[in-house]
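I opened the notebook to look up helix packing and pockets. My entries follow the structure.

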Amino acid sequence: MASYRLRVQIPADQLQTHGYRTFINGGEGDFIVFSKPNSDDIENIRRVKESGAKAVVDICDDHFQTPKWGEIYTICAKAADRVVCSTEELAKRIYLKTGVCAQVVPDPWEFEEKPHAQGDKFLWFGHQLNIAEIARYEPVTKNLDIRYCTGPNQILPKYTEWSVQALRGELSIADVVILPTVEENTYKSANRLICAVMAGCFVVAGKSEINRKFRDYVWVGPVHAGVAFANCYQNDLLDLTTRAQDHIRAKYSPAEIGAQWASVFDSI
């Protein structure tokens with residue numbers, strides 16, 4: 001899962017350069033991070049704090065709207081010594097639901113390739129639960145040379161089954177990645193946009209607060225207009241993608257995100 005790779009594995013690896021020894025799913029520590037907390041973690045957080053260690057809860061989804069999960073997330077957030085989340089919008093939602101101020105640490109990028117955004121090959125990738133976000137644009141995509149990379153589903157007639165390596169392969173072929181945004185998911189991280197850009201593709205993204213940060217480098221707005229822009233301004237896509245990579249490289253590198261996680265623990 002992206003949440004594991006971007007919010008557990010990569011930060012844990014990078015923290016070691018800041019003097020922290022890290023263990024995943026086992027071991028003893030002064031700081032215990034509960035990523036995507038569940039019902040068992042209500043008791044686990046209590047035990048951690050009684051032991052004298054610090055409990056950090058990391059939230060990357062807005063489950064506060066669901067009665068069962070909303071209660072679990074609220075209890076865990078209030079009990080933790082520190083709450084971390086992936087976006088400013090999610091931090092606002094956490095505060096409104098719990099009264100807890102969360103510290104924002106974004107998702108890092110995973111791999112980098114030279115920009116190759118000059119052509120008419122399109123790609124959408126994402127979890128199969130989110131296929132509806134691209135399926136509703138069938139009137140736009142039916143005339144495109146577009147590929148899909150996702151999990152098993154009965155909706156798309158043809159797709160590449162997702163894996164990290166399969167996605168890297170699809171991104172190496174694509175020129176433009178289409179990433180519409182479902183309104184209720186506007187709190188989510190821009191990790192797919194960041195991944196696509198750092199893989200060398202131009203991005204046509206839907207409107208969301210997090211995507212607006214990249215509007216000087218990618219298309220943010222109506223998808224049909226973004227596709228038309230990509231087709232009409234082919235000569236500009238390489239330059240835009242190069243500039244986007246420069247912007248992302250400085251702010252979302254694994255090293256930078258590792259430093260931000262270290263600052264979380266340093267401040268407790």
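**Entry 1: helix pair.** I note that the model is predicted. I looked up how α1 (residues 2-15) sits against α11 (residues 254-266). I read an angle of about 80 degrees, with the axes 8 Å apart. Angles of 65 to 115 degrees count as roughly perpendicular, so α1 and α11 are roughly perpendicular to each other.

I then listed the contact. From α1 come R7, I10, P11, Q14 and L15. They meet P254, A255, G258, W261, A262 and F265 of α11. By class, I find eight nonpolar residues, two polar and one charged in this contact.

**Entry 2: largest pocket.** I get about 1100 Å³ of space here. The lining has 43 residues. Nearest the centre I find A2, H127, N130, K188 and N191. Which elements give two or more residues to this lining? They are α1 and α8 (191-198). The most comes from α1, with five residues. I sorted the lining into 17 nonpolar, 16 polar and 10 charged residues.

**Entry 3: second largest pocket.** I get about 960 Å³ of space for this one. There are 31 lining residues, and F23, I24, F31, I32 and V33 lie nearest the centre. Two or more residues each come from α1, β1 (31-35), α2 (40-51) and α11. Again I meet α1, which gives the largest share of this lining, seven residues. The classes are 17 nonpolar, nine polar and five charged.

Key: Residues numbered from 1 in each chain as written. Predicted model: local features only at pLDDT ≥ 70, side-chain atom pairs only at ≥ 80, totals over all residues. Heavy atoms only, no water. Axes fitted to C-alpha atoms, helices over the stretch in contact; angles between N-to-C directions. Helix = DSSP H or I, 4+ residues; strand = E, 2+ residues; numbered from the N terminus. Parallel < 35°, antiparallel > 145°, perpendicular 65-115°, else oblique. Contact = heavy atoms within 4.5 Å. Nonpolar A, V, L, I, M, F, W, Y, C, P; charged D, E, K, R; others polar. 1 Å grid on protein atoms, 1.4 Å probe; cavity = no way out; pocket = protein on both sides within 12 Å on 5 of 7 lines; lining within 4 Å. Points joined across faces, edges and corners; volume = space filled by probe spheres on them.
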